[in-house]
Amino acid sequence: MTEFAEYVEQRHERLLRAAYLLTRDRAIAEDLVQTALARAWLAWRRIDGDPDPYVYRIIANTHASWWRRRWRQEIPTGELPERPDGRDFTGDVGDRDALWTAIGTLSGRQRAVVVLHYFEQLPLTQVARVLGCSVGAVKSQLNRALTRLRVDQGIQETMGVRR
């Protein structure tokens, strides 16, 4: 199992980033990666070739499962909280906030496609393998996601688009 330990050491940060982009919560992302790696470890001997698609698929499917069961206890607010270090939110944080807010409005499948393709830079064929669907379905979900993001009012205001 030294191969698995090496895989975790090499890929943990990247898997955590993907999970964070899906969940937008570091603690939940860490739980998601831990769960995915535990499941991958159980099947490690059966994984043939590159384990990334298998692990990303576990992450995407587990996130979707958790998301369906999750109680929506967050209460949206118009004001940003104070940062733990006492600094205020300035600079391009507003741009990132608008983007994360817009990505958060996407369906779980659309968000997974956007994260895996644009943030993890996986080709569409690999995204399709990870999500267990056809390349056409990935393209369709990506097109729908990008269409929603293009008309998002928060992004348009941040980018200075006038109607």
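**Exercise 1. How many helices and how many strands does the protein have?**

Solution. The model is predicted: local features need pLDDT of at least 70, side-chain atom pairs count only at pLDDT 80 or more, and totals for chains, interfaces and linings use all residues. Residues are numbered from 1 along each chain as its sequence is written, and side-chain values use heavy atoms, with hydrogens and water left out.

Step 1. Helices (H or I, at least four residues) and strands (E, at least two) are DSSP runs, numbered from the N terminus.
Step 2. The protein has eight helices and zero strands.
Step 3. The order of elements from the N terminus on is therefore α-α-α-α-α-α-α-α.
Step 4. Contact means heavy atoms within 4.5 Å. Of the contacts between residues at least 6 apart in sequence, 60% join residues at least 24 apart.

**Exercise 2. State whether R11 is buried or exposed, and find its partners.**

Solution.
Step 1. R11 is part of helix α1, which covers residues 2–23.
Step 2. Buried means under 20% relative accessible area, exposed over 50%, and partly exposed in between (1.4 Å probe, protein chains only). R11 counts as buried because its relative accessibility is 17%. Across the protein, 35% of the 163 residues are buried.
Step 3. With neighbours within four places in sequence left aside, R11 is in contact with D52 and Y56.
Step 4. The side chains of R11 and D52 are joined by a polar contact of 2.9 Å. Such a contact is a pair of N or O atoms within 3.5 Å; within protein, one must be able to donate a hydrogen and the other to accept it, and residues adjacent in sequence count only if both atoms are side-chain atoms.

**Exercise 3. Describe the largest nonpolar core.**

Solution.
Step 1. A nonpolar core is a set of buried Ala, Val, Leu, Ile, Met, Phe, Trp, Tyr and Cys residues joined through side-chain atoms within 4.5 Å.
Step 2. The largest one has 38 residues, and L15, I59 and L131 have the most contacts inside it.
Step 3. At least two residues each come from α1, α2 (26–43), α3, α4 (93–104), α5, α6 (124–131) and α7 (135–150). The largest share, eight residues, is supplied by α1.
Step 4. Neighbours within four places in sequence aside, L15 is in contact with Y7, V33, L37, V55, Y56 and I59.

**Exercise 4. Which residues line the largest cavity?**

Solution.
Step 1. On a 1 Å grid over the protein atoms alone, a cavity is a set of points where a 1.4 Å probe fits but cannot get out; lining residues have an atom within 4 Å of a point.
Step 2. The whole structure holds one cavity of 30 Å³ or more, and the largest cavity contains about 30 Å³ of space.
Step 3. Its lining consists of A18, L22, Y56, I59, A60, V115 and L116. Two or more of these residues come from each of α1, α3 (52–69) and α5 (108–119), and α3 gives the largest share, three residues.
Step 4. By class, the lining has seven nonpolar, no polar and no charged residues.

**Exercise 5. Examine the positive phi values of R24 and Q121.**

Solution.
Step 1. Most residues other than glycine have a negative phi.
Step 2. R24, in the loop between α1 and α2, has a positive phi near 65°. R24 is partly exposed because its relative accessible area is 38%.
Step 3. Q121, in the loop between α5 and α6, has a positive phi of about 55°. Q121 is exposed, with a relative accessible area of 64%.

Technical notes:
On a 1 Å grid over the protein atoms alone, a cavity is a set of points where a 1.4 Å probe fits but cannot get out, and a pocket is an open set with protein on both sides within 12 Å along at least five of seven lines; lining residues have an atom within 4 Å of a point. Grid points are joined across faces, edges and corners, and a volume is the space filled by probe spheres set on the points. Ala, Val, Leu, Ile, Met, Phe, Trp, Tyr, Cys and Pro count as nonpolar, Asp, Glu, Lys and Arg as charged, and the others, Gly among them, as polar.
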